Each structure stands twice: as structure tokens, then as C-alpha cells.
Amino acid sequence: MEGTALDHDGVTYEEFVTTRAQALLRYGYVLTGNPDDAADLLQEGLIRLSSAWSRVVNKNDPEGYVRTIMARQHISMWRRRKREHLVGSVPEGRYDDRGLERAEHDPRLWEALTSLPRRQRAVLVLRYYEDLSDEEIAGMLGISRGTVRSQAARALGKLRADWRPAAASTAGGHHDR
């Protein structure tokens with residue numbers, strides 16, 4: 001199990017979390033100014049560390065790894081919020097993308113994602129769920145931008161072949177295929 005691997009100082013993942021979580025939570029608070037966002041950053045950082053523990057401990061800097069993840073996650077959150085445009089009045093109507101809503105709640109999509117190879121799944125999640133650029137993804141995964149693009153293309157091709165969204169009911173009962 002990856003979480004039980006020892007680092008060069010003989011520390012397990014669990015011991016690292018026990019001893020460093022509070023300091024990392026404070027770091028998250030300094031980044032965000034919000035205790036809830038700080039906890040979210042810490043949780044994401046520790047989740048990612050757990051899956052990369054054996055690689056990270058070889059570099060003997062698990063805390064630096066988590067801090068980097070937290071900083072990048074914070075930047076991603078900030079960028080998403082920055083894209084929001086405040087308007088003087090509330091729009092009269094509302095736009096709902098039913099296709100997106102159906103896809104997000106379709107368990108078959110999530111099953112199809114889990115069937116992808118790890119790198120392809122990571123590229124898709126970082127690109128479409130985390131809204132990161134190819135360059136950011138390449139830096140996080142330690143691969144080239146070209147590899148990011150090819151992995152995304154392969155993953156999307158596999159998803160298109162293996163997954164079809166649940167049919168939407170329309171007024172005329174017609175379904176496009």
C-alpha cells in the first residue's frame with residue numbers, strides 16, 4: 001500500500017499527515033483567508049499526496065509537494081472566480097444546459113471515466129473539471145503539452161466510443177442518435 005511506504009526519515013504517510021496537517025491547514029488559511037477553503041485545499045493536497053506518496057518520499061519533500069498542490073488549487077479557484085462577471089441587474093431568464101446536467105449526473109459517465117487509464121483520466125479531470133490549461137496539466141503531471149493533448153484525445157475517443165448520454169425526452173418523442 002502506498003500510504004505505508006516510508007520516507008528517507010522513516011515517516012509513513014499517516015505519520016506525515018498527523019504531524020503536518022495543522023501547519024498545512026494554516027498555510028491554506030493564509031492562502032485563502034477562509035477556513036473552509038483552506039480545509040478544502042488541504043484535503044485535496046493530502047488526497048493527491050496519498051496517491052503519489054512513494055514518488056514524493058523519494059524526493060524527501062512531501063510537505064513541499066502538498067504546498068505546491070495547495071497553491072495551484074488556490075490559483076485555479078481564483079481564476080474560476082475571476083471569470084465571473086458581475087452585472088448591475090439580474091437577468092430575466094436563465095440558461096440551463098440540460099445535456100451537461102444529464103452528463104454530470106449520469107453514473108455511467110463516471111464509470112466510463114474510471115475505466116480509462118490513470119494518466120488519461122487525470123488529464124480529462126484536470127482539463128474539464130479543474131479547468132486547467134495544457135501547460136498547467138503538463139507541469140502538474142510532469143509530461144509534455146503534446147502528451148497532454150494526445151492523452152486527452154485518446155481519452156475522449158474512448159469515452160465517445162464507450163459512453164452515450166442517457167436519451168433526453170423531447171416534446172415530439174424524437175431521439176437523435
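User: Where does Val125 lie in this predicted model?

Analyst: Val125 lies in helix H6.

User: Why is Val125 called partly exposed?

Analyst: Val125 has a relative accessibility of 31%. Partly exposed is the range between buried, under 20%, and exposed, over 50%. The value for Val125 falls in that range, so the residue counts as partly exposed.

User: What makes Val125 part of a nonpolar patch on the surface?

Analyst: Val125 forms the patch with Trp110 and Tyr129, and together they have about 320 Å² of accessible area. A patch residue needs over 30% relative accessible area, and nonpolar side chains are joined within 5 Å. Val125, at 31%, passes the area cut-off.

User: Which residues does helix H6 span, and why is Arg121 in that helix called partly exposed?

Analyst: Helix H6 covers residues 118-129, and Arg121 lies in it.

User: What does Arg121 touch, leaving out residues up to four places away in sequence?

Analyst: Arg121 touches Leu113, Thr114 and Leu116. A contact needs heavy atoms within 4.5 Å, so each of these residues meets that cut-off with Arg121.

User: How far apart are Arg121 and Gln151 in sequence and in space?

Analyst: They are 30 residues apart in sequence, and their C-alpha atoms are 8.7 Å apart.

User: How many helices and strands are there in the protein chain?

Analyst: The protein chain has eight helices and zero strands.

User: What share of the protein chain is buried?

Analyst: Of its 177 residues, 32% are buried, so that share has under 20% relative accessible area.

Note on methods. Residues numbered from 1 in each chain as written. Predicted model: local features only at pLDDT ≥ 70, side-chain atom pairs only at ≥ 80, totals over all residues. Heavy atoms only, no water. Helix = DSSP H or I, 4+ residues; strand = E, 2+ residues; numbered from the N terminus. Buried < 20%, exposed > 50% of the residue type's maximum accessible area, 1.4 Å probe, protein only. Patch = residues over 30% accessible without salt bridge, like charges linked within 9 Å, V, L, I, M, F, W, Y side chains within 5 Å. Areas by Shrake-Rupley, 256 points an atom, 1.4 Å probe, with all protein chains shown as cover. Salt bridge = Lys/Arg side-chain N within 4 Å of Asp/Glu carboxyl O.
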